[in-house]
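I opened this structure for the first time today and kept notes as I went. The entries are in the order in which I looked things up.

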Amino acid sequence: MIVYQATKSRFVQDIDALGIEYQIASAYLKKTGRYAPDAELRAWRGSLKAMASVLRDDGIPDDTGVGIEFGIPQTSKRIDFLLSGHDGDGTAHVIVVELKQWSSSTLSDKDGIVVARRGGGVRETEGPHPCYQAWSYAALLEGFNEAVHEGGIGLRPCAYLHNYADDGVISHPHYAPYLDKAPLFLRGRDEQDRLRDFIKRHVRRGDNAALLYRIDNGRIRPSKMLADSLATMLKGNREFVLIDDQKVVYETALALARGATAGRRQVAIVEGGPGTGKSVVAVNLLVELTRLGLVTKYVSKNAAPRAVYKEKLRGSFRQVEISNLFSGSGAFTDTPPDTFDALIVDEAHRLNQRSGLYGNLGENQIKEVIASAKCTVLFADDDQMVTLNDIGHTAELERWADQLGAQVTRLQLASQFRCNGSDGYLAWLDHTLGIRETVNSTLDPGDFDFRIVDSPTELHALIAERNRHDNKSRVVAGYCWDWRSKRNPDAWDIEIPEHGYRRRWNLDKDGSLWIVAPDSVEEVGCIHTCQGLELDYVGVIIGPDLLVRDGQLVTEPRNRSRMDRSIRGWKTMMKSDPEGTARRVDRIIRNTYRTLMTRGMKGCYVYCTDDETAARLGQRPC
């Protein structure tokens, strides 16, 4: 969708007529159904006037195509300004211009990130460098717009900061990789001349915006190079080899996706416990469906699995190309029906009612995800619902699929590949945590290395020793300690003074990649950084929210950190529905520890802050 499309001469006339920002705002409302905020109007007024000044040059053809506010399909990203035409050899070119009104910024040590005031805000925030933005938007079009990757259209990204006098920050060598990919143009007459020369080098003949029309109407599908390379990366990778019922589920889901149409929507609900290979099947489906030319995304509520699998698949690809294959579950509030050929939803039990930072967007994530695709594959485990906001129970998934007229296929992943294949350990854990009653009231772990240790110091030392071999062991804990180090990096979070133990929660700098970051074994992870992922060995600190009293396992939500969002609002809910709320919160705490204690493929070591709880789990007298 291009909000405004014209030739250079028409664009300049519209600028001279004044009020072009209102013309664009009107077109924006018509095409999106949304009003443009005042800050956007001010940005259009200033930046478009600056671009018109650059284009007032006889060397730039009057019939050069001009596009403003091009919404990149299947993303929330918009390209500010496009120019189209042909160079002296007749090669088709589209120039991608990222426009900013900034006049200052601050260096960040993160790759491609700069600190600046954005969107008319008062506070400075971190975000992509403008040259990175321009380059990444061009990369998205090259990877997913058929008119570009099959039509011989060359994309030439750049950034124009027309209010910014060079201060050595925005053009710092730290950003050199992106300055090389997308040239930076700043304030001043000389900079205007440089930008004009850049445009004239790529556009010697106009095209009356024909190339913009082709891109705007181009079919959205992954490029063959991207699809083939992804398949090559998986081939022979033991981590992603499909075994037994994984292969059955994979082939069934492939057949459903290939046969799905807008009038014959398909939904597959795949149930599987920890370690049954839900994510392995999901990633294989993403790669194969992409290879088949079907527009597909891997979707998850939790950011950690997306970040880790993106990293594993990235290889030599640009991050932005791989990122477009992955999405959060809240990205479909405004997606038209059947936009995607397939959506692969991992950890579907974590889907929420509403979306957005403040939970104020959309109606229901289950409904929105299913409605957005011709085929939706939902991987779920009802016993891994770990927050009050989680609504993705398999019965609820099926109810929405029926309501949306989809044909529902129920599939099961039963074979256990985590916990050294020990079904006995999982059955004992479910029995002990009160998830469900089984005959396994005592533990026979078989080849699985399960231990209760006497101190958190010993626990962390054991995990650190295991981690030396392959960086696949971490310590995690229930959220019973405030994240003080988030505001004060020198503060300690998890302090257990009687054992001289103090550690920090996983650091911001590792983000969702904490579980694979080289030095993160020194920190402690939580449910949000490890759910959906696996380790060789996991160390679990059970806090005072799970206790044994008088021989019974009980939960104590009051002992959770006040910063824990997973049960936020439970005290208020208790006033209107004490029994139902108590039951839900109790199950969330039990599910959380079940999830933490099943991250290890080879072993799980546990320290309990409460002696009676340790004795019960260790099956020894109190």
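What follows are my notes on a sheet, the nonpolar cores and some charged side chains.

**Entry 1, ground rules.** I note that this is a predicted model, in which local features need pLDDT of at least 70 and side-chain atom pairs count only at pLDDT 80 or more, while totals for chains, interfaces and linings use all residues. Residues are numbered from 1 along each chain as its sequence is written, and side-chain values use heavy atoms, with hydrogens and water left out.

**Entry 2, the sheet.** I took helices (H or I, at least four residues) and strands (E, at least two) as DSSP runs numbered from the N terminus, and I counted two strands as paired if DSSP finds at least two bridges between them. In which order do the 5 strands of the open sheet stand? I read the order as S17-S25-S22-S18-S21, with parallel pairing. Strand S17 (449-452) and strand S21 (524-525) are at the edges and have a single partner strand each, so one side of each is left without a neighbour in the sheet.

I then went through pairs of strands. S17 and S25 run parallel and are joined by 4 bridges, and here Asp449 stands opposite Gly603 in S25. S22 and S25, also parallel, are joined by 7 bridges, with Ile541 opposite Tyr607 in S25. Strand S18 (residues 473-477) pairs with strand S22 (residues 535-542) in the parallel sense over 5 bridges, and Arg474 faces Val538 in S22. Helix H20 (residues 578-596) packs on the sheet and touches S18 and S22, its direction making about 145° with that of S22. For such angles, axes are lines fitted to C-alpha atoms, for helices over the stretch in contact, and the angles run from 0 to 180 degrees between N-to-C directions.

I used buried for under 20% relative accessible area, exposed for over 50% and partly exposed for what lies in between (1.4 Å probe, protein chains only). By that rule strand S25 (residues 600-608) is mostly covered, since 7 of its 9 residues are buried.

A nonpolar core is a set of buried Ala, Val, Leu, Ile, Met, Phe, Trp, Tyr and Cys residues joined through side-chain atoms within 4.5 Å. Which members of the largest nonpolar core touch the most other members? Among its 134 residues, I found these to be Phe379, Tyr425, Phe450, Val540 and Val606. Helix H4 (residues 130-144) gives the most to this core, with 10 residues. I looked up Phe450 in particular, taking contact as heavy atoms within 4.5 Å: leaving aside neighbours within four places in sequence, Phe450 is in contact with Tyr425, Trp428, Leu443, Met597, Cys604, Val606 and Leu617. Another core, of 34 residues, lies apart from the largest one and has Tyr4, Ala52, Phe81 and Leu195 among its members.

Asp383 lies in the loop between strand S15 (373-380) and helix H15 (394-403). Is Asp383 buried or exposed? I found Asp383 to be buried, at a relative accessible area of 7%. Apart from neighbours within four places in sequence, Asp383 is in contact with Ile435, Arg436, Arg587, Asn591, Arg594 and Thr595. The side chains of Asp383 and Arg587 are joined by a polar contact of 2.4 Å (a pair of N or O atoms within 3.5 Å; within protein, one must be able to donate a hydrogen and the other to accept it, and residues adjacent in sequence count only if both atoms are side-chain atoms).

Asp430 lies in helix H16 (residues 423-432) and Arg594 in helix H20, so the pair ties together parts that are 164 residues apart in sequence. Asp430 is buried at 7%, and Arg594 is buried at 5%.

Within helix H20, Asp586 and Arg590 are 4 residues apart, about one helical turn, and their side chains meet in a salt bridge (2.8 Å, N to O). Asp586 is partly exposed at 22%, whereas Arg590 is buried at 10%. Finally, I noted a network in which salt bridges that share partners join Asp381, Asp383, Asp430, Arg436, Arg587 and Arg594.

Terms used: A salt bridge is a side-chain nitrogen of Lys or Arg within 4 Å of a carboxyl oxygen of Asp or Glu.
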